[in-house]
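I want to go through the aromatic rings, then a few other spots.

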Amino acid sequence: IYHEKYSGNKLKVKINRGELKYKNSECKIKFKSKGLAIISVYGIDGESEKLLAVKKYQVKDIPLPKILFFGKQSGKISKNELINQKYLSLSETLGNENIFKIKGFEIKRIRKNNDSNSFETHINSGEKFDKQSKTIFKNTKNGDILIFGNIQVESLDGRISVLPSIIFNII
C-alpha cells in the first residue's frame, strides 16, 4: 500500500471479513468468510485517522480441483501406463497457482476373479505413490479395477476437503 503523503508506518488498513498479515513490505489478507469485503485505508495524523481509500471485493470460495491420474479422471488404463505413474495430480483451480495439495488417499484394487482375496486396500500419504502402492500397481491384471478414494486435499488456509473417487479399469 502506497500513499504519497503518508509513509508505511503512518498508514492503517482495516478489513471487515478477515485479518491482515504483514511480512516485510507485503500485506496479505486472509478472508474469514465469503460475501462483500470492505478494505479501508487510513492515514494517521497524530491522534486522528483520515480515510484515504475504500475498496470493495466479493469474496467467494475457491472451487475444488479435480483429481487426475495419467491426465484422466476415470476410464481404462494399461498396466504399463499404471506402473509408470509416480503420483496423483490436481487440475488447476485459479490459473497456475497451487492452491491445494494432496494430503493422502486410499487405493482399492478389485481383482477380476472374485475369490476370497478379491479386494486389496492401501492408504497412501501425500501425492507420490509409496512402495506399497507401486506393488499394488505391479500386481494388477487385465480386468482388475482400481479405485482412488477418500482423496484428501488441503487448501492454503489449512482447510481439508475430500474429493470424489476416480475409477480405472486395467486393460
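This is a predicted model: local features need pLDDT of at least 70, side-chain atom pairs count only at pLDDT 80 or more; totals for chains, interfaces and linings use all residues.

Started with Phe137: buried or exposed? I get 1% relative accessibility, so Phe137 goes down as buried, the cut-off being under 20%.

**Aromatic pairs**

I looked up how many aromatic pairs the structure holds, and the count came back as 10. I picked out Phe69 with Phe137, which form a tilted pair, 6.2 Å from centre to centre with 50 degrees between the planes. This pair ties together distant parts of the chain, 68 residues apart. Phe69 sits in the loop between strand 6 (67–68) and strand 7 (75–77), while Phe137 belongs to helix 2 (residues 131–138).

Checked the burial of Phe69 too: its relative accessibility is 0%, so I put Phe69 down as buried.

Which class does the pair of Phe69 and Phe148 fall in? I have it as tilted, at 4.9 Å centre to centre and 40 degrees between the planes. Phe148 has 0% relative accessibility, so I count Phe148 as buried.

Then I asked which residues make up the aromatic cluster. My list for this one cluster reads Phe69, Phe105, Phe129, Phe137, Phe148 and Phe168.

**A charge over a ring**

Next I looked at Tyr42. Lys14 lies over the face of this ring, at 4.8 Å from the ring centre.

**Ser161**

I moved on to strand 12 (residues 160–163), where Ser161 lies. Ser161 comes out at 11% relative accessibility, so I list Ser161 as buried. What does Ser161 touch, leaving out residues up to four places away in sequence? I noted Leu64, Ile151, Gln152 and Val153.

**Largest pocket**

Last stop, the largest pocket, with a volume of about 820 Å³. I find 20 residues lining the pocket, and those nearest its centre are Ile29, Lys30, Phe31, Ile62 and Asp157. Which element gives the largest share of the lining? That is strand 3 (residues 26–31), with four residues. Split by class, the lining has 10 charged, eight nonpolar and two polar residues.

Technical notes:
Residues are numbered from 1 along each chain as its sequence is written. Side-chain values use heavy atoms; hydrogens and water are left out. Rings of Phe, Tyr and Trp (its six-membered ring) pair if their centres lie within 6.5 Å; planes under 30 degrees apart count as stacked, over 60 as edge-to-face and the rest as tilted. Helices (H or I, at least four residues) and strands (E, at least two) are DSSP runs, numbered from the N terminus. Buried means under 20% relative accessible area, exposed over 50%, partly exposed in between (1.4 Å probe, protein chains only). A charge sits over a ring if NZ of Lys or CZ of Arg is within 6 Å of the ring centre and within 35 degrees of the ring normal. Contact means heavy atoms within 4.5 Å. On a 1 Å grid over the protein atoms alone, a cavity is a set of points where a 1.4 Å probe fits but cannot get out, and a pocket is an open set with protein on both sides within 12 Å along at least five of seven lines; lining residues have an atom within 4 Å of a point. Grid points are joined across faces, edges and corners, and a volume is the space filled by probe spheres set on the points. Ala, Val, Leu, Ile, Met, Phe, Trp, Tyr, Cys and Pro count as nonpolar, Asp, Glu, Lys and Arg as charged, and the others, Gly among them, as polar.
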